[in-house]
Amino acid sequence: MTTLIPTEQELHAYVDDRLTATRRAEVESWLAANPQQAQRIDAWRSDARRLRTALAGLHELPATAPLDLSRLDRQLRHRRRRRFASAAVLVLALGLGGFAGWQAKEATLQVDVLPMADALQAHRLFADTPALDIRASAPAALQAWLGRHFSRVGELPDLAAYGFEPVGARLLSNEQGPAALLVFEDGGGQRVSLFLRSPGERFERMPSGERTEGALQARYWSHGAYNFALVGAADDARGERLREVLGVSL
Amino acid sequence: MHDLDEQQWRELLQRLRRFALWLSREPGGADDLVQATVERALTRRDQQRDAEGLRPWLFAILYRLFLDGKRRERLHARWLSWFGHAPDEATGNETESIILAQADLEAFARLPDEQRALLLLVSVEGLSYREVSQALDIPMGTVMSRLSRARAAFRVLAEGKPAPPALRRLK
């Protein structure tokens with residue numbers, strides 16, 4: 001008896017009972033003539049059966065309260081309403097942020113339409129405070145928060161070659177969405193910070209640029225899913241170089 | 001989803017939990033995954049297909065959420081190490097307690113995520129290849145080649161760890 005030699009795909013389909021009756025019979029007779037292959041297929045099948053058996057006990061799973069659809073529905077509607085309400089809350093500062101959070105709220109209320117003005121504000125408020133909350137405070141909360149809001153950041157920047165070491169970070173959120181301020185310091189105590197957040201409505205496709213405000217300079221750009229701003233002293237000659245490095249590494 | 005009677009709904013939930021449990025290998029995480037899946041399904045119910053498509057659709061949502069979660073974990077580990085923290089010990093394999101009773105499953109638990117997901121859907125849930133391709137959001141050809149790799153890998157692991165006698169009797 002001659003049958004077309006079954007492909008690897010067909011052999012899997014045979015194990016999973018996904019062949020037509022005719023083809024199935026053909027494969028069966030081919031296997032009968034090819035004991036070595038038959039052995040291999042048998043092993044797959046017995047693996048699958050063992051797996052099914054071992055996992056069959058639907059009811060042996062640890063019990064939890066079953067999800068009640070209509071209750072979930074109500075909860076979701078409620079949560080949506082609350083989200084609208086909380087749009088009024090401009091700033092959520094995690095960790096030690098009680099008072100600083102309040103200050104930041106005041107600050108963000110004054111946000112004008114200049115690109116990344118909030119980055120400068122954040123740098124002023126937080127870059128020099130010891131109240132950076134990423135290091136010791138609450139890794140679990142941080143994980144949840146970061147994960148929710150910054151899941152698409154690429155490799156984090158390494159500025160050690162330019163003398164800057166990471167100091168910490170501050171998590172913020174304003175009406176344009178969540179944001180993070182990452183603070184770096186060089187050997188001389190000079191600090192720069194990198195601000196990142198999802199594009200808001202106002203600056204969805206933000207052009208790259210730079211702006212000086214008082215003693216501070218912000219260089220900003222968009223890349224991937226986020227807007228970035230590098231904020232540092234306006235008279236720091238390394239700013240441009242750092243900006244280039246970050247533009248490449250982020 | 002609202003068309004299912006209570007019995008069907010309960011069973012569907014259990015299936016989702018089983019999938020979630022063996023993907024995440026953490027009972028707590030599995031329940032969260034299922035809850036998040038159902039919530040997302042409710043907010044997107046306009047995409048809901050016919051009753052037949054419901055199961056693969058829910059598996060698809062759950063799988064996507066699981067992958068998102070993994071990505072977040074990796075990101076978090078990067079952040080922590082970036083700030084000088086040693087990353088947490090690889091999250092302990094909490095299924096150990098479940099597996100103790102079923103030592104044979106240990107081999108399965110050691111397969112990579114994508115292979116576990118595939119074998120669960122094909123061998124345990126009995127989804128068609130097309131449904132699996134939808135649920136995992138990969139082309140048919142990838143389903144087949146991944147299935148081939150998964151079966152081979154499972155074979156190797158299972159052979160290194162012969163099934164305990166108690167389980168053999170079940171065959």
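1. Axes are lines fitted to C-alpha atoms, for helices over the stretch in contact, and the angle between two of them is taken between N-to-C directions, from 0 to 180 degrees. With that in mind, consider helix H6 of chain B, residues 113-124, and helix H7 of chain B, residues 129-136, in this predicted model. Their axes cross at roughly 145° and come within 10 Å of each other. The crossing of H6(B) and H7(B) is right-handed.

2. Which residues make this contact? On the side of H6(B) they are B:Ala117, B:Leu118, B:Leu121 and B:Val122, and on the side of H7(B) they are B:Val132, B:Ala135 and B:Leu136. Sorted by class, the contact of H6(B) with H7(B) has 7 nonpolar residues, no polar residues and no charged residues.

3. A further helix pair in chain B deserves attention. Helix H1 of chain B (residues 6-24) packs against helix H2 of chain B (residues 27-43), the axes lying 8 Å apart at an angle of about 130°. H1(B) passes H2(B) in a right-handed crossing.

4. The residues of H1(B) that meet H2(B) are B:Leu13, B:Leu16, B:Arg17, B:Ala20, B:Leu21 and B:Ser24. Their partners in H2(B) are B:Pro27, B:Gly29, B:Ala30, B:Leu33, B:Val34 and B:Thr37. By class, this contact of H1(B) with H2(B) comprises 8 nonpolar, 3 polar and 1 charged residues.

5. Turning to chain A, how many helices and strands does the chain contain? Chain A has 8 helices and 6 strands. Along the sequence these elements follow the pattern α-α-α-α-α-α-α-β-β-β-β-β-β-α.

6. Two totals describe chain A as a whole. Of its 250 residues, 30% count as buried. Among contacts in chain A between residues at least 6 apart in sequence, 55% join residues at least 24 apart.

7. A:Ser222 is found in strand E5 of chain A, which covers residues 216-223. Is A:Ser222 buried, exposed or partly exposed? A:Ser222 is partly exposed, because 16 other C-beta atoms lie within 10 Å, whereas a buried residue would need 20 or more and an exposed one 12 or fewer.

8. A:Ser222 may also be considered together with A:Arg197. The two residues are 25 residues apart in sequence, and their C-alpha atoms are 9.7 Å apart in space.

Technical notes
Residues are numbered from 1 along each chain as its sequence is written. Chains are lettered from A and ligands numbered from 1 in the order in which they are written. This is a predicted model: local features need pLDDT of at least 70, side-chain atom pairs count only at pLDDT 80 or more; totals for chains, interfaces and linings use all residues. Helices (H or I, at least four residues) and strands (E, at least two) are DSSP runs, numbered from the N terminus. A crossing is left-handed if the near helix is turned anticlockwise from the far one by less than a right angle, and right-handed if clockwise. Two residues are in contact if their C-beta atoms, placed from the backbone, lie within 7 Å. Ala, Val, Leu, Ile, Met, Phe, Trp, Tyr, Cys and Pro count as nonpolar, Asp, Glu, Lys and Arg as charged, and the others, Gly among them, as polar.
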